[in-house]
Every structure is written in structure tokens, then in C-alpha cells.
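Student: I'm new to this one. Could you pick a single part of the inside and walk me through it slowly?

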Amino acid sequence: MGVATIEGYEIGNAVEAAIRFVAEQPGGARRILLEHHRRDDGQCAGCLTVPVSWPCVVGVIATKALPLESAR
Ligand SMILES: [Zn+2]
């Protein structure tokens, strides 16, 4: 999964699709946020292979999917 930036129209569409996908999984966003959350040093706790500043793309997707999921 590309984790470069989330700016840009094309990438924004991909993120929107990912948000909808996560929101369709029961408990999916919550599960992701259990792993991907901000550590004390400002890095994402779930992105361990490569240090990523919070919020990582996965965290952004899950954060945006959470209200969609609970809205249903
Ligand atoms: Zn992460």
C-alpha cells in the first residue's frame, strides 16, 4: 500500500474508496484504530516496519470510516 501523501485528487479518490470499504467491515475501523494510534513519540503504533508520523494513512481512513460505520 502506498503511504506517500494523501494530498492530490487521484489519491483522494482511493482514500474515499478505502474509507467506504473499511466502513462496510463490522468493527473494521475500531480494529484498525486499536493497532494504529498515536504513540507518545508522535509515531503510529501500528506502522512498525517504517516509522510513520501519526496520523498514518491507515489511521486517517479508519478515523473517517468510524462515524460512517456507527451511523448504520
Ligand atoms: Zn499506522
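Tutor: Here is a close look at one residue and its surroundings. A quick note before we start: this is a predicted model, where local features need pLDDT of at least 70, side-chain atom pairs count only at pLDDT 80 or more, and totals for chains, interfaces and linings use all residues. Residues are numbered from 1 along each chain as its sequence is written.

The protein has three helices and zero strands (both are DSSP runs numbered from the N terminus, helices being H or I with at least four residues and strands E with at least two). Let's zoom in on Ala65, which sits in helix H3. Ala65 counts as buried because 23 other C-beta atoms lie within 10 Å; the cut-offs are 20 or more for buried, 12 or fewer for exposed and partly exposed in between, with C-beta atoms placed from the backbone.

Who are its neighbours? Leaving out residues up to four places away in sequence, Ala65 touches Ile19, Val22, Ala23, Gly28 and Ala29 (touching, or contact, means C-beta atoms within 7 Å). Take Ile19: 46 residues separate it from Ala65 in sequence, yet their C-alpha atoms are 5.1 Å apart.

Note on methods. Two residues are in contact if their C-beta atoms, placed from the backbone, lie within 7 Å.
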